Amino acid sequence: MSRPERSWAYAAISFLFVSVMLATTEPTPLYAFWERSYGFGAIVTTLVFATYAVGVIAALLFAGRDSDVDGRRPVLIACAGLSALSSVLFLLANGLPVLFAARLISGFSAGL
């Protein structure tokens, strides 16, 4: 790989990393709105936040070696796809099950 191609690859990977990490925090300001809308309290909000950690740990345990086995590119594509899926789920959230699923997928994408 030539130097300009390598620079472009590093820039693309950096952009992807920043995008996924920003996407993990994108719903944070909405939790107060969801609390009022769906009628759950601080404990449930904490559980939704904790679900992210479950997703990260699951990704590290079950997919931590995938990039060594399958290559970096397929894992990065899966990571970006899961991040986009979690963003869509947050956008369409209409109750707690969808919030939990979105947060779990968000954590899994960050763990990848």
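Which residues do ring pairs link into a cluster? In this predicted model, the cluster consists of Y31, W34, F49 and F90, joined by ring pairs.

A pair of aromatic rings is described by the distance of the centres and the angle of the planes. The structure holds four aromatic pairs. One of them joins Y31 and W34 in an edge-to-face arrangement, with 5.3 Å from centre to centre and 75 degrees between the planes. Both residues belong to helix α2, which covers residues 31-38. They sit three residues apart, about one turn of the helix. Y31 is buried because its relative accessibility is 3%, under the 20% cut-off. W34 also counts as buried, at 4%. Y38 and F40 form another pair, with ring centres 6.5 Å apart. Their planes meet at 25 degrees, so this pair is stacked. Y38 is partly exposed, with a relative accessible area of 30%. F40 is buried, at 9%.

The cluster member F90 is also one of the buried residues of helix α5. This helix runs over residues 72-92. The buried residues of α5 are V75, C79, S83, S86 and F90. Seen down the helix axis, they fall within an arc of 75 degrees, so they line one face of α5. These buried residues pack against α1 (3-25), α2, α4 (66-70) and α6 (96-111). The face turned away from the buried side carries the exposed residues R73, I77, L91 and L92.

Conventions:
Residues numbered from 1 in each chain as written. Predicted model: local features only at pLDDT ≥ 70, side-chain atom pairs only at ≥ 80, totals over all residues. Heavy atoms only, no water. Phe/Tyr/Trp six-rings, centres within 6.5 Å; stacked < 30°, edge-to-face > 60°. Helix = DSSP H or I, 4+ residues; strand = E, 2+ residues; numbered from the N terminus. Buried < 20%, exposed > 50% of the residue type's maximum accessible area, 1.4 Å probe, protein only. Expected span 1.5 Å × (residues − 1). Arc of directions from axis to C-beta. Contact = heavy atoms within 4.5 Å.
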